[in-house]
Amino acid sequence: MCVLRNTCVFCSFARMPREAGAYTRTLDEVFAEAEAARDNPTREFHIVGGLHPKLRLSYYLDMFRGLTARHPGVHIKALTAVEVAHLARLERMSVRDVLVAMRQAGVTSLPGGGAEVFSPAARATIADKKLSGEEWLGVHREAHRLGIPSNCTMLYGHVETLADRVDHLLALRALQDETGGFLTYIPLAYHPDHNELGEALGRTGTATTGFDDLKNIAVGRLVLDNVPHVKTHWPMVTPFISQVALTFGCDDLEGTVVFERVYHEAGAGTPMWLSYDQIVSLIRGAGKEPVERDSLYRTVRTFEDWVPTDPGREPGVPGVRPEGPEGPTFEISHRPRARARGQRTLPVLEGIESAE
Ligand code: SF4
């Protein structure tokens, strides 16, 4: 559920409160989902959602405390800059105080979502009510000053120009020069299914090409030479493009994931999860040596003696589950209407096209 559902026209995930498919998880449901991943080697809970009209900061803090108590060894990477700024507004608190409370409740880093592309013109078309690029950078600056590391992204392949991409990367680079707080850069490929922008542009399926995906990795690696890592997100670009990306500047491959809704709602045809064995094989197949890391990029495990999972291992014996979890919460139901009821026409598509 997200209050910006009518204005982030590239998003297929958000629902208005009474729209089909809208849901709000109780904390018990969140804890049950986390429990479902317990017998896999879970290192991180990556928690993001929409801008909920009613949920207060206390709901999220109780969630982080509850997860930390139940899974003390698992890092919590939670809430995009957009969500942090939304909670600060809702609670009439400063962004800094919200971040301090999140850290005290167990959050160890911030994800990089919500940056989209900073260009005001592109933002006016795809996300005109979302916080500005400057505000997004401001939340991350504040997190870095508090010693909370974070990640950065760029959503490409929609209405942005090549100049917009470069300006976006330069803005990330400037903040990194100032704070040094970004751990990794993740280029995110736009997916046009089940969202209003895709409908307006007449696109379906995959909006970017493998060539563009790899170019964004390589250029990102070159421009952001002050960011330690570049990650390829296989749910968006496919496991095979991610495998090739390991020789285009990426040193980080998205993990097993387990439960991803945002891009699968937008038509990503990739699996919901990959097994441990598949990840190790993809990396080895690219001629690289896999190393498992935690959220803060500290080495957790190396694989010199790796033996692929024995699917017949006895229940309860520590190991790696070869299959992903199943159940109603792990199923995707696409929203029936890309366009919100009473929605306006997109503002400046023509302007963007003529700028190309
Ligand atoms: S992109 Fe994020 S903020 Fe925008 S509608 Fe989707 S969930 Fe909400």
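**View 1. Residues around the ligand in the predicted model.** In this predicted model, the ligand is surrounded by C2, L4, R5, C8, C11, F13, A14, G50, L51, V82 and K130. Sorted by class, this shell is made up of eight nonpolar residues, one polar residue and two charged residues.

View 2. Strand β1, which covers residues 44-47, and strand β2, which covers residues 75-78, are paired in the parallel sense over four bridges, and F45 has I76 of β2 as its bridge partner. Together with helix α2 (residues 57-70), these two strands make a β-α-β unit that is right-handed. Strand β2 also pairs in the parallel sense with strand β3 (residues 107-109), here over two bridges, and the partner of I76 in β3 is V107. I76 can therefore be followed as a bridge partner of F45 and of V107, while in a regular strand the side chains alternate between the two faces of the sheet.

**View 3. The largest nonpolar core and the surroundings of F64.** The largest nonpolar core holds 73 residues, and those with the most contacts inside it are F64, V84, M102, I126, L172 and Y185. Strand β5, residues 182-189, gives the most to this core, contributing six residues. In soluble globular proteins, nonpolar side chains tend to be buried together. When neighbours within four places in sequence are left aside, F64 is in contact with I76, A78, M102, A105, G106 and V107; among these, I76 and V107 are also bridge partners, with V107 belonging to β3.

**View 4. The open sheet of β4, β5, β6 and β7.** Four strands form an open sheet in the order β4-β5-β6-β7, and their pairing is parallel. Strands β4 (150-156) and β7 (252-253) stand at the edges, each having a single partner strand, so one side of each is left without a neighbour in the sheet. Strands β5 and β6 run parallel and are joined by two bridges, with V230 in β6 as the bridge partner of Y185. Strand β6 pairs in turn with β7, again in the parallel sense and over two bridges, and the partner of K231 in β7 is D252.

**View 5. K231, a buried lysine in strand β6.** K231 is found in strand β6, which spans residues 229-232. K231 counts as buried because it has 23 C-beta neighbours inside 10 Å, where 20 or more are required. Not counting residues up to four places away in sequence, K231 touches T184, I186, C250, D252 and E254, and one of these, D252, is its bridge partner in β7.

**View 6. The whole chain, as context for the close-ups.** The protein has 14 helices and nine strands, and 38% of its 356 residues are buried. Of the contacts with a separation of 6 or more, 76% are accounted for by residues 24 or more positions apart.

Notes. Residues numbered from 1 in each chain as written. Predicted model: local features only at pLDDT ≥ 70, side-chain atom pairs only at ≥ 80, totals over all residues. Near = placed C-beta within 6 Å. Nonpolar A, V, L, I, M, F, W, Y, C, P; charged D, E, K, R; others polar. Pairing = 2+ DSSP bridges. Right-handed = clockwise from strand over helix to strand, strands pointing away. Core = buried A, V, L, I, M, F, W, Y, C linked by C-beta atoms within 7 Å. Buried ≥ 20, exposed ≤ 12 C-beta atoms within 10 Å, placed from the backbone. Contact = placed C-beta atoms within 7 Å.
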